[in-house]
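Student: I have a chain open and would like to go through it with you. Can we take the overall picture and then the contacts?

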Amino acid sequence: MSDGINRIVFIPPPTIDEQIERHHVTREFHREVHYRQDFQAHCRWYRETAERHRQELEKMRGDINLFGWFSRRRSS
């Protein structure tokens, strides 16, 4: 009766070049994840700021235009 131990295949440890390559790939992956997270945060901030500016603009459109009132008075 065989217990399967005879079928185990031992894989040699990775070479230094393979380890360095894995390290670089891992670093690039994490760098890309960080870049995308930063970009998403920037896009979220930009959308929020743009919405706030649109609201302020609508509010300003309802305000009295004092500068225009004074400049019309002088030009007459």
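Tutor: What follows covers the fold, the salt bridges, the aromatic pairs and a surface patch, all in a predicted model.

Student: What does the secondary structure come to?

Tutor: The protein chain has two helices and zero strands. Helix α1 covers residues 16–62, and helix α2 covers residues 66–75.

Student: How much of the chain is buried?

Tutor: Of the 76 residues in the protein chain, 3% are buried.

Student: And what is the accessible surface?

Tutor: About 8,200 Å² for the protein chain, with 58% of that area belonging to carbon and sulfur atoms.

Student: Contacts next. How many salt bridges are there in the whole structure?

Tutor: A search of the whole structure gives four. Among them is the one between Glu28 and Arg31, whose closest N and O atoms are 2.6 Å apart.

Student: Where do Glu28 and Arg31 lie?

Tutor: Both are in helix α1, three residues apart, which is about one turn of the helix. Glu28 is partly exposed at a relative accessible area of 46%, and Arg31 is partly exposed at 43%.

Student: What does Glu32 form a salt bridge with?

Tutor: Its partner is Arg36, and the closest N and O atoms of the two are 2.7 Å apart. Glu32 and Arg36 are four residues apart in helix α1, so about one helical turn separates them.

Student: Is Arg36 buried or exposed?

Tutor: Arg36 is exposed, because its relative accessible area is 52% and the cut-off for exposed is over 50%. Glu32 has 36% relative accessibility and counts as partly exposed.

Student: What about Arg54?

Tutor: Arg54 forms a salt bridge with Glu51, with 3.2 Å between the closest N and O atoms. This pair also lies in helix α1, three residues apart, about one turn of the helix. Arg54 counts as partly exposed at 49% relative accessibility, and Glu51 is partly exposed with a relative accessible area of 35%.

Student: Changing topic: how many aromatic pairs does the structure hold?

Tutor: Two aromatic pairs. One of them is Tyr35 with Phe39, where the ring centres are 6.4 Å apart and the planes are at 15 degrees.

Student: Why is that pair called stacked?

Tutor: Planes under 30 degrees apart count as stacked, and those of Tyr35 and Phe39 are at 15 degrees, so the pair is stacked.

Student: How are Tyr35 and Phe39 placed along the helix?

Tutor: They are four residues apart in helix α1, so the separation is about one helical turn.

Student: Last topic: which residues form the nonpolar patch on the surface?

Tutor: The patch is made of Ile64, Leu66, Trp69 and Phe70, and together they have about 470 Å² of accessible area.

Student: Which helix is Leu66 found in?

Tutor: Leu66 is in helix α2.

Notes. Residues are numbered from 1 along each chain as its sequence is written. This is a predicted model: local features need pLDDT of at least 70, side-chain atom pairs count only at pLDDT 80 or more; totals for chains, interfaces and linings use all residues. Side-chain values use heavy atoms; hydrogens and water are left out. Patches are made of residues with over 30% relative accessible area and no salt bridge: like charges are joined within 9 Å, nonpolar side chains (Val, Leu, Ile, Met, Phe, Trp, Tyr) within 5 Å. Accessible areas come from the Shrake-Rupley method with a 1.4 Å probe; for residues, only the protein chains shown count as cover. A salt bridge is a side-chain nitrogen of Lys or Arg within 4 Å of a carboxyl oxygen of Asp or Glu. Rings of Phe, Tyr and Trp (its six-membered ring) pair if their centres lie within 6.5 Å; planes under 30 degrees apart count as stacked, over 60 as edge-to-face and the rest as tilted. Buried means under 20% relative accessible area, exposed over 50%, partly exposed in between (1.4 Å probe, protein chains only).
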